[in-house]
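Hi everyone, thanks for coming. I'd like to walk you through one structure today, so please have the sequence and the model open as we go.

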Amino acid sequence: MPAQPSPAPAAAAARPVLRDRPFRLAAPPVSGILRPRLVLTGVLVGAGAFALFCWGLALGDYPVNLPDVVKALFGVGDPGTLVVVRDLRLPRALTGLLVGIAFGVSGAVFQTMTRNPLASPDMIGLTEGAGTAVVAAVVLGRAGGLGLSAVGLLGALATALLVYALAWKGGATGYRIILVGIGVSWICTSATDFLVARGNRFQAEEALGWLVGNLNGRTWGQVDALAIALAVLLPVTLGLGRWMRTLQLGDDVAAGLGTPVQPVRLALLLTGVGLVAFGTAAAGPVAFVALAGPQIALRLAGTPAPPPLVSGLTGAFVVLGADLLAREAVPGTELPVGVVTGALGAPVLLWLLVRANRAGSGG
């Protein structure tokens, strides 16, 4: 009987080309794992976000061709196009881009830290706390000389500290942070509803216009503040990535591997809160971006936990795409971007809840 050909070559050919590969450099002495699929996903999502960014700059009462938009971004073109693209439309587009990155990275931090796909800033009360602070400043007229953005920032930070303090019991586990955060979220929501009902019609309209999440009328001041926050907080978040991954193994295992669990968790909480606080201060609480962005990135990249950088790019893609839909869905009307992200994000939340229940982790 003739010998059968060995299946080894066929099996080797069937192996995925984009498999992870370890690497080690002599100078500088760095080692790690190269993940080609993760890199490719980041490049493609980033390219898609840039395409939506340029598309948004091209739309408006004075339409501009996409090649002219790209040239205008580099300061090339006729004066009228440069004014429209760089002075009038660029602050809004940059705010959407940076807000998406901030929310996406923040969501990845919270979901990885707590090991729960439902743990995002808008699910554990941070954006609701910012909203309550803003509505209180509008209705009570006690902003103390601060703008609504600064008030929202302080509200998010205060809520985060409250959640962490209430969740502390010899340490703050991810499970307790989620439970306490959900309770604080409902308290803030009820307080916001009470304040809106107490205010007059004009105050209610101003508060609701901010609460829904909006990119209309963004200025360079908001872009600059958010860009500086990302320049500081994003490298810190990426630097904590190794310890963030060990937290996925559980507190006991992470501590056995040399991770200072509580200091790392507090540092991650502060960086995640800072990202979502500055993002919320710039555009309001844009719903579900921090929840859906990391989960989309996780499935595209095929990683065990949401990759922070790709999650940020995915969040930018979601916000910019939702902004285009908000501007074009109803002719003659520009909907707030939060209306679109809320409509698109609600099915994602239901899907995550169904998956959690099927896995036995949804209660």
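**A walk through the helices**

Let's start with Ser185, which sits in helix H7. Helices here are DSSP runs of H or I with at least four residues, strands are runs of E with at least two, and both are numbered from the N terminus. Before going further, a word on the source: this is a predicted model, in which local features need pLDDT of at least 70 and side-chain atom pairs count only at pLDDT 80 or more, while totals for chains, interfaces and linings use all residues. Residues are numbered from 1 along each chain as its sequence is written, and side-chain values use heavy atoms, with hydrogens and water left out.

Back to Ser185, then. Is Ser185 buried or exposed? Ser185 is buried, with a relative accessible area of 8%. The cut-offs are these: buried means under 20% relative accessible area, exposed means over 50%, and partly exposed lies in between, using a 1.4 Å probe and protein chains only. Leaving out residues up to four places away in sequence, Ser185 touches Met123, Ile124, Gly125 and Glu128; a contact means heavy atoms within 4.5 Å.

Val184 is also placed in H7, which covers residues 174-198. Val184 counts as buried, at 6% relative accessibility. Setting aside neighbours within four places in sequence, the contacts of Val184 are Thr159, Leu162, Val163 and Leu166. The C-alpha atoms of Val184 and Glu128 are 8.7 Å apart, although 56 residues separate the two along the chain.

**The whole chain**

Let me step back for a moment. The protein chain has 15 helices and 2 strands. Of its 363 residues, 48% are buried. If you take the contacts with a separation of 6 or more, 69% are between residues 24 or more positions apart.

**How some of the helices pack**

Two packed helices are described by the angle between their axes and the distance between the axes. The axes are lines fitted to C-alpha atoms, for helices over the stretch in contact, and the angles run from 0 to 180 degrees between N-to-C directions.

Take H9, residues 220-239, and H12, residues 261-283: their axes come within 10 Å and cross at roughly 165 degrees. H9 and H12 are therefore roughly antiparallel to each other. For the naming, angles under 35 degrees count as roughly parallel, over 145 as roughly antiparallel, 65 to 115 as roughly perpendicular, and the rest as oblique. The crossing of H9 past H12 is left-handed: that is the name when the near helix is turned anticlockwise from the far one by less than a right angle, and right-handed is the clockwise case.

Which residues of H9 meet H12? On the H9 side we find Gln222, Ala225, Leu226, Ala229, Leu230, Leu233, Val236 and Thr237, and they meet Thr271, Gly274, Leu275, Phe278, Gly279 and Ala282 of H12. By class, this contact of H9 with H12 has 9 nonpolar, 5 polar and no charged residues. Here Ala, Val, Leu, Ile, Met, Phe, Trp, Tyr, Cys and Pro count as nonpolar, Asp, Glu, Lys and Arg as charged, and the others, Gly among them, as polar.

Next, H3, residues 66-73, packs with H4 at an angle of about 75 degrees, the axes being 9 Å apart. That makes H3 roughly perpendicular to H4. Asp68, Val69, Ala72 and Leu73 of H3 meet Thr81, Leu82, Val85, Arg86 and Leu90 of H4. The contact of H3 with H4 divides into 6 nonpolar, 1 polar and 2 charged residues.

**A buried aspartate**

Now find Asp323 in helix H14, residues 308-328. With a relative accessible area of 7%, Asp323 is buried. The Asp323 side chain makes a polar contact with the side chain of Arg92, at 2.7 Å. A polar contact is a pair of N or O atoms within 3.5 Å; within protein, one must be able to donate a hydrogen and the other to accept it, and residues adjacent in sequence count only if both atoms are side-chain atoms. Beyond neighbours within four places in sequence, Asp323 is in contact with Arg92, Leu215 and Val337.

**Two positive phi angles**

Most residues other than glycine have a negative phi. Arg115 is not a glycine, yet has a positive phi of about 55 degrees. Arg115 lies in the loop between H4 (79-114) and H5 (126-140), and counts as exposed at 51% relative accessibility. Phe288, again not a glycine, has a positive phi of about 70 degrees. Phe288 is in the loop between H12 and H13 (289-301), and is buried, at 17% relative accessible area.
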